[in-house]
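Subject: Structure handover

Hello,

Here is the structure for your files. My notes on what was found in it follow below.

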Amino acid sequence: MKIAFIGIGIMGEAMCENILKKHDDTVYVYDVVREKALPFAQRGAAVCAGAAKAAQSADVIFSMVPKSEHSRQVYTGLLSAGALGPGKICVDMSTIDPAVSRELAALVKQTGAQFLDAPVVKSRPAAEAGKLGIYVGGDEAAFQAVLPLLRYMGENILYMGENGKGLVMKICHNMLVAQIQNGVNETLTLAQAGGVEIGAFAQAISYGGGQNFYLDSKKEPLVREDYTTAFSVENMAKDLGICMALAGECGVSMPGGANARRVYDAALSAGLGKEDFCATIKVVRGDV
């Protein structure tokens with residue numbers, strides 16, 4: 001089974017690396033910034049000059065791009081080039097608007113190909129370790145066909161139902177993460193103002209019901225004020241925007257979500273977009 005991988009970003013690079021290490025057939029690689037894809041040639045991949053060339057050569061096409069407009073560009077480009085057809089399975093692992101994903105799924109299926117949305121959770125270290133969580137929406141038989149390939153990249157893989165449902169779950173997940181991190185930032189700032197240091201705060205929280213992954217994993221970066229990106233402020237802000245739009249469509253009130261979005265909008269305005277999302281503590285502290 002030949003694979004195409006389109007999109008070599010922070011996450012895509014690590015995900016594609018795992019595919020190359022574990023797959024025993026050709027892997028075709030493409031990124032709009034050719035320099036990002038070129039190193040994969042030394043690792044055995046076939047680096048392609050265009051997305052259509054990669055897709056034409058492959059049985060399964062993975063894509064991992066930043067935004068809805070980028071997924072639309074990829075798949076409308078593949079469609080216009082005649083690169084899709086019966087027997088092919090497209091797996092878009094990007095975090096995009098569920099409505100856009102369903103629109104693309106309908107277009108792809110007209111060619112006889114299948115389309116799955118399969119967004120991932122966790123960040124770069126998990127991608128490197130092949131331990132991502134993956135939520136999948138689309139045809140169940142197509143899901144079962146690509147499940148062994150998804151296991152190259154993730155260890156907790158859930159089939160959520162029809163097209164778009166993987167993305168609905170991912171968007172809800174990231175909104176919850178943003179609100180948890182916001183709570184960590186606020187309570188940690190208050191604890192420090194009251195004379196409690198970060199290490200003592202994290203230890204004390206771990207003894208009660210407030211223990212959470214985002215405090216446990218971010219306490220050391222917060223001590224060092226190291227905001228090296230595992231998952232960026234701008235990507236989280238994008239996901240919160242999708243979530244609030246989805247909430248509006250569904251008639252669901254999310255006051256906590258609206259507050260989280262306000263914090264991320266302030267972080268973007270302060271120029272923190274490329275930093276790790278825990279850098280939003282600077283907004284809570286009033287440092288920016």
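To start with charge: the protein chain carries 27 positive and 30 negative side chains, and the centres of the two sets are 3 Å apart. Lys and Arg count as positive, Asp and Glu as negative; His and the chain ends are not counted. Each charge is placed at NZ of Lys, CZ of Arg, CG of Asp or CD of Glu.

Two notes on conventions. This is a predicted model, in which local features need pLDDT of at least 70 and side-chain atom pairs count only at pLDDT 80 or more, while totals for chains, interfaces and linings use all residues. Residues are numbered from 1 along each chain as its sequence is written, and side-chain values use heavy atoms, with hydrogens and water left out.

Overall shape

The protein chain has 13 helices and nine strands. These are DSSP runs numbered from the N terminus (helices: H or I, at least four residues; strands: E, at least two). The C-alpha trace spans about 65 × 45 × 35 Å along its principal axes.

Of the 288 residues, 51% count as buried. Buried means under 20% relative accessible area, exposed means over 50%, and partly exposed lies in between (1.4 Å probe, protein chains only). The chain exposes about 12500 Å², and carbon and sulfur atoms supply 53% of that. Areas come from the Shrake-Rupley method with a 1.4 Å probe. Among contacts (heavy atoms within 4.5 Å) with a separation of 6 or more, 67% join residues 24 or more positions apart.

Cores

In soluble globular proteins, nonpolar side chains tend to be buried together. A nonpolar core here is a set of buried Ala, Val, Leu, Ile, Met, Phe, Trp, Tyr and Cys residues joined through side-chain atoms within 4.5 Å. The largest one has 37 residues. Those with the most contacts inside it are Met15, Phe62, Val91, Met93, Ile134, Leu150 and Met153. Elements that give it two or more residues include strand 1 (3–6), helix 1 (10–22), strand 8 (132–137) and helix 7 (140–153). Helix 7 supplies the largest share, eight residues. Another core, of 25 residues, lies apart from it; Ala4, Ile6, Leu78 and Ile96 are among its members.

Met153 deserves a look. Beyond its neighbours within four places in sequence, Met153 is in contact with Phe5, Met15, Ile19, Phe62, Met93, Gly130, Lys131, Leu132 and Ile134.

Single residues

Ser71 sits in helix 4 (residues 68–80). Ser71 is buried, because its relative accessible area is 0%. Leaving out residues up to four places away in sequence, Ser71 touches Val65, Asp92, Ser94, Ile96 and Leu104. Gly183 is in helix 8 (residues 165–193). At 29% relative accessibility, Gly183 counts as partly exposed. Gly183 and Ser71 are 112 residues apart in sequence and 32 Å apart in space, C-alpha to C-alpha.

Which residue other than glycine has a positive phi near 55 degrees? Glu225 does. Glu225 is in the loop between helix 10 (213–224) and helix 11 (233–250), and counts as exposed at 52%. Lys122 is not a glycine either, and its phi is positive, about 85 degrees. Lys122 lies in the loop between strand 7 (120–121) and helix 6. At 44% relative accessible area, Lys122 is partly exposed.

Best regards
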